[in-house]
Amino acid sequence: MERNNIENNNNNLVEVINLKKYFSVGKKKLKAVDDVSLSIKRGETLGLVGESGCGKSTLGRTIVRIYEPDGGKIFYDGKDITRIKTRKEHLDFCKKAQIIFQDPYASLDPYMTVGQIISEGFEIHNMYKENGARKEKVHELLRLVGLNDEHSNRFPHEFSGGQRQRISIARALAINPEFIVCDEPISALDVSIQSQIINLMNELKEKMRLAYLFISHDLNAVRYVSDRIAVMYLGSLMEVAESDTLYNQPRHPYTQALMSAVPVPDPKKEREKERILLEGDVPSPIDVPPGCPFSTRCPYAEAICLKEKPELRDLGDGHHIACHMAG
Amino acid sequence: MAERNIMTKHERKYDLYRKQYCSRKLKDSENILEVEDLRVSFDTYAGEVKAVRGVTFHVKKSEILAIVGESGCGKTVTSQTLMKLNPMPPARIISGDIIIDGWDIVKMPEPAMQTIRGNLISMVFQDPMTYLNPTKTVGKQIGEALMVHGKATRKNVYEKVIDILNLVKMPEPERRYRQFPHEFSGGMRQRVIIAIALACSPKILIADEPTTALDVTIQAQILSLIKELREKTGTACILITHDLGVVANMADRVAVMYAGKIIETGTSDEIFYNPKHPYTWGLLESRPRPDHKKTERLMSIEGTPPDLFAPPQYCAFADRCEYAMKICREREPVNTALSPTHQCSCWLLHPDAPGVERRSGSSFALKTSDAGSVTKQASKPEASGTSQEERRGAGGVNSGKK
């Protein structure tokens, strides 16, 4: 099923078209990402939210080609990166797109010093070849993320969670990428540290004109950092909109429930708020319900929802929604 | 069998311990739990970690008290000490009093504790999978809680467990009874944990980050379940969390903990709308709110909590506090009562302290820059409030401008 209404235009840095990523579980297929199309402009932050197991991390990882997609196309800067064959082409892509992982305790090699971790990219891409220049650049990056020069000789275990996440960010920034996939960069951190990292990422975005794919399940944080937000459920996109629009006028029943479930740190608002409580749990991604994936929990589901999977359609103003009922 | 007239084994044991340990009077008959100046330390090879350093609080009947704070501030240790769940040694209650409905917890030995755990006070944990036995069916595990306390016999345990599963709104309880924990989703497992905790209708339920491992939609389900159960059973609840949104939703009163002490306590409205401690301000401002503008920076508390091997003899927050004065680095602040329910320990509330105003939004400002008493941080020119960005930069981002 090819979709023609989304075309690869040059404004978009990343363009994902009908992307599929399946995993084999025994004889069955787990559809982690099922027919997802989205785009990210230069210098834009796209938030990606959804419950755990909905495929948001898989989508992020597939976009930077950690996973090989099972179908669909990914255009980066007009180039189809799913067709990359040679190592050189692959390196060219890696140089532009980087990823920050969720767990800063697991994503840094404990045997390498911070300096080695950050300069690994220089070696791979043959950058800053003179010895002095490389060191200088490492120090510059450390200062950029709020650490000191002397930290480059230390090992990851000597740092706290927030500092480690800063190291991950420095590593991602080392080779001057244009696009960074941030896979739950703040979930593993303490509340007061989270705000430091969010501030840092926002600042770097301004300074280096980065585009982010910001994956998180913390809806308040996503709203704060993102220009646009995509809501994912069971491998499919439910709604894509400008972040304020999505929060103020969510159209999809799932987004509405999700937004009403977010607790706000304000007792009066909490008391007045009407919560839409969803019944039951997310179905297993191995047996995705036929038709709309949300139909099993949707309060408005009707016959058509159980049969036909809704397409993501445009409501105007870049507000996309995949629902038969809402309009 | 003649069960009716004879006390069961469990009842005899409970009665014996009750005579021995349940004789303390609560200061206020409204209260169900009173903790007085509790100090808990851990003996490690590196030295003594003073995890809880003099905590005093109370919980009223059928009230939800939320304890908030960063990780490592002692909130979990405090709550585990209420049930004496932390292994002793290395943990040690240095001093203090814990009275739950007349029971003197500090003096009670382990066998006596076992008769009241689950019975009088019980706990819901953060990660449901680690606390369920993977080799036993869920029904057995809930039944076990009932049987241990003699609340059910082998004959009627099935019906009672089904009743409890219905209470926590488990769909298809008869089928679920026979299933193993791995067949349950995260939210359903948490329901099982809550079912076990409530099986013997305790008077206090401690919920230690009950929804941190869950998704928001499931979190909403579990929170509304806990609230509903409180209405139905009248169980008081101590909710431990770092999510202020959850606190706003659930709590009647809030206690803010920092470095092993309660630094501010008050009703939920007092803490959210009229907080007095700079740490509480920081906590409230560091979360992005729905009305936060993107151009505003998030407020963040720079630095890290103090080392509890050697906690400072002065205010533990002074080293991270923007308003720290000379006195803050010399002496522990005293507890100031602002209303019958609202208390705060901070030198800023002292009558001689300079007036400091908390500005909503992303920045703080000193109202009067009293150069004499304002030290170090505050006396730097940056602290005047205008060059906020730069000061943040010192800890947050060392900008490339330099």
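The views below show a predicted model.

**View 1. Exposed position of B:Arg175 in a helix of chain B.** B:Arg175 belongs to helix α7 (residues 173-177) of chain B. Because B:Arg175 has 10 C-beta neighbours inside 10 Å, this residue counts as exposed. Its C-alpha atom is separated by 47 Å from that of B:Val49, which is 126 residues away along the chain. For the chain as a whole, 47% of the 402 residues of chain B count as buried. The secondary structure of chain B consists of 14 helices and 12 strands. Among contacts in chain B with a separation of 6 or more, 64% join residues 24 or more positions apart.

View 2. Most residues other than glycine have a negative phi, and most peptide bonds are trans. The loop that holds B:Pro89 runs between α2 (75-82) and β4 (91-100) of chain B, and B:Pro90 is also placed in the loop between α2 and β4. The peptide bond from B:Met88 to B:Pro89 is cis, with omega near -15°. The bond from B:Pro89 to B:Pro90 is likewise cis, with omega near 5°. B:Lys84, in the loop between α2 and β4 of chain B, has a positive phi of about 50° although it is not a glycine. B:Lys84 is buried because 21 other C-beta atoms lie within 10 Å.

**View 3. A:Glu184 in the loop between β7 and α6 of chain A.** Although not a glycine, A:Glu184 adopts a positive phi of about 50°. With 21 other C-beta atoms within 10 Å, A:Glu184 is therefore buried.

**View 4. Packing of helices α5 and α6 of chain A.** The axes of α5 (residues 161-173) and α6 (residues 191-208) of chain A come within 10 Å and cross at roughly 15°. The two helices are therefore roughly parallel. The crossing of α5(A) with α6(A) is right-handed. On the α5(A) side the contact is made by A:Gly161, A:Gly162, A:Gln165, A:Ile169 and A:Leu173, and on the α6(A) side by A:Ile193, A:Gln196, A:Ile197, A:Leu200 and A:Leu204. These contact residues comprise six nonpolar, four polar and no charged.

**View 5. The open, mixed sheet of chain A.** Eight strands of chain A are arranged in the order β6-β7-β8-β3-β9-β10-β12-β11, with mixed pairing. At the edges stand β6 (97-100) and β11 (313-314) of chain A, each of which pairs on one side only. Strands β10 (residues 236-242) and β12 (residues 320-321) of chain A pair in the antiparallel sense over two bridges; here A:Ile321 of β12(A) is the bridge partner of A:Glu239. Helix α5(A) packs on the sheet and touches β6 and β7 (179-183) of chain A, its direction making about 175° with that of β6(A).

**View 6. The hairpin of β1 and β2 in chain A.** Strands β1 (residues 12-25) and β2 (residues 28-41) of chain A pair in the antiparallel sense over 11 bridges. In β2(A), A:Ser39 is the bridge partner of A:Glu15. Two residues lie between the strands of this hairpin, in which A:Gly26 takes a positive phi near 60°.

Notes
Residues are numbered from 1 along each chain as its sequence is written. Chains are lettered from A and ligands numbered from 1 in the order in which they are written. This is a predicted model: local features need pLDDT of at least 70, side-chain atom pairs count only at pLDDT 80 or more; totals for chains, interfaces and linings use all residues. Axes are lines fitted to C-alpha atoms, for helices over the stretch in contact, and angles run from 0 to 180 degrees between N-to-C directions. Helices (H or I, at least four residues) and strands (E, at least two) are DSSP runs, numbered from the N terminus. Angles under 35 degrees count as roughly parallel, over 145 as roughly antiparallel, 65 to 115 as roughly perpendicular and the rest as oblique. A crossing is left-handed if the near helix is turned anticlockwise from the far one by less than a right angle, and right-handed if clockwise. Two residues are in contact if their C-beta atoms, placed from the backbone, lie within 7 Å. Ala, Val, Leu, Ile, Met, Phe, Trp, Tyr, Cys and Pro count as nonpolar, Asp, Glu, Lys and Arg as charged, and the others, Gly among them, as polar. Two strands pair if DSSP finds at least two bridges between them. A residue is buried if 20 or more other C-beta atoms lie within 10 Å of its own, exposed if 12 or fewer, and partly exposed in between; C-beta atoms are placed from the backbone.
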